[in-house]
Amino acid sequence: MKRYCISALLLCMILLLIGICYAEGGRAVPGGVSYEHIGDYSIERLNKILTGELAEFSTFPIKYPPARNAVSLYRVTYNTVIPEKDNRPVTVTGLAALPKVQEKKLPMVSYQHGTVFSRTEVPSSPEESMETRLMIARFAGQGYMVIAADYIGKGKSNEPDSYMVKESTMQACLDMLMASKILCADLKIEQGDLFLSGWSQGAWSTMMFRNRLESLGIPVKAAATAATPCDLYAAMTRWINNRSEYDATWIVGTVALLINSYEDYYGLQGLSQAAIKPKYWQTAKDFYHNKIGWAQAGKVFPPTAKEFLNDDFAAESSLASNRFFARLQENQAYRWRYATPTRYYYGKIDECIAPYIATLPVEYESAIGGAPAKAVYAGDNATHRGAFMFGVLDQKEWFDSLR
């Protein structure tokens with residue numbers, strides 16, 4: 001009887017280990033990391049992304065070289081913490097796209113994604129994220145490893161969206177990088193030069209991440225950002241007080257996310273009610289918590305940020321005593337001397353980030369003697385997406401030249 005009990009116990013332990021190693025179809029590896037193979041992109045599919053799918057994404061005229069190799073896709077699940085909430089541990093997801101090549105040492109791009117209005121339009125679900133597919137086709141299809149965090153509150157994360165929250169964003173990106181090292185060790189792949197890339201919200205995330213990596217002494221070969229909201233205070237107050245003829249109505253959606261995320265992550269109780277007009281408040285709350293999407297919220301929200309906000313709150317955008325606007329000023333992403341060469345891509349008719357916002361870091365970095373910073377013009381017809389698409393084309397060639 002005793003022998004039977006011991007055998008049953010051993011069997012249970014074996015089954016438990018199998019369950020841990022292949023939970024949700026994935027493989028667990030040391031460090032609280034697991035990964036699952038979610039598919040492959042053939043060369044044919046990658047070239048379709050670079051042509052037909054890209055044409056559906058934007059009419060901005062651009063042509064990319066064809067892919068050279070197929071790519072394997074992995075959803076990575078890993079642990080991180082929320083610094084703004086006393087380092088509370090949470091589980092998040094990201095993507096690792098590995099080129100199918102003979103080389104075992106791969107250059108790597110950490111891509112930080114832009115603003116999305118759902119929980120699932122993120123790197124770990126590439127079929128729902130055209131920006132991710134373009135990065136995969138352009139970089140992983142040319143021999144680079146591409147990694148990308150979904151951020152806290154996106155992907156498989158159950159947390160509220162950490163939209164433009166400084167420490168949580170940096171932590172999620174850093175821990176995704178650490179998770180990718182564990183993944184590569186398990187797959188017997190060596191990581192080469194590290195490059196950073198990001199668009200829109202992801203451009204801000206990239207600059208924050210660059211700062212964290214440099215502070216830790218982790219070398220970054222170069223960084224590239226497109227349509228960069230490097231100064232959140234300047235971007236927000238421009239949307240309120242100096243609207244452009246090019247501004248998109250979906251800017252109001254970003255304002256709704258920003259206010260609600262700062263209320264939640266920074267403990268600014270009552271912020272959303274103080275900021276948002278009562279007739280839009282519940283819709284904004286439901287939108288932030290992914291109970292509704294932009295298709296529904298956009299029908300309720302007004303076309304401009306100024307109409308969306310209470311008059312007295314909008315007027316406080318010039319007062320340092322307002323906790324929200326003061327926090328936006330603290331979360332600027334460029335006013336320090338950095339060591340990483342960076343290019344900033346911008347378009348003339350960007351409907352969200354005006355050229356003078358996107359290029360703020362260039363003269364500032366030159367003035368304080370930092371690493372080379374270059375503003376790269378995507379053209380007179382470059383929209384928000386156009387600046388991104390031009391940047392993806394140019395930065396690949398630039399990264400290649402630095403390897």
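Which residue in E10 is the bridge partner of Thr 342? I looked it up, and the partner is Ala 373.

Before going on, I note that this is a predicted model, where local features need pLDDT of at least 70, side-chain atom pairs count only at pLDDT 80 or more, and totals for chains, interfaces and linings use all residues. Residues are numbered from 1 along each chain as its sequence is written, and side-chain values use heavy atoms, with hydrogens and water left out.

**Strands.** I went to strand E9 (residues 342–346) and found that 5 of its 5 residues are buried (under 20% relative accessible area, 1.4 Å probe, protein chains only). Thr 342, Tyr 344 and Tyr 346 point one way from E9, while Arg 343 and Tyr 345 point the other way. Strands here are DSSP runs of E with at least two residues, helices runs of H or I with at least four, both numbered from the N terminus. E9 runs parallel to strand E8 (residues 222–226), joined by 4 bridges, and it pairs in the parallel sense with strand E10 (residues 373–377) over 5 bridges. Pairing takes at least two DSSP bridges between two strands.

**Rings.** I get 25 aromatic pairs in the structure (Phe, Tyr or Trp rings, the six-membered one for Trp, with centres within 6.5 Å; planes under 30 degrees apart are stacked, over 60 edge-to-face, the rest tilted). Trp 199 and Phe 388 count as stacked because their ring centres are 4.4 Å apart and their planes at 15°.

**Charge over ring.** I checked for Lys NZ or Arg CZ within 6 Å of a ring centre and within 35 degrees of the ring normal. The charged end of Lys 85 sits over the Tyr 265 ring, 4.5 Å from its centre, and that of Arg 403 over the Tyr 144 ring, 5.1 Å from its centre.

**Pocket.** What lies nearest the centre of the largest pocket? I found Thr 115, Val 116, Trp 199, Trp 250 and Arg 385 there, among 30 lining residues. H6 (232–241) gives the most to this lining, with 4 residues.

Definitions and conventions. Buried < 20%, exposed > 50% of the residue type's maximum accessible area, 1.4 Å probe, protein only. 1 Å grid on protein atoms, 1.4 Å probe; cavity = no way out; pocket = protein on both sides within 12 Å on 5 of 7 lines; lining within 4 Å.
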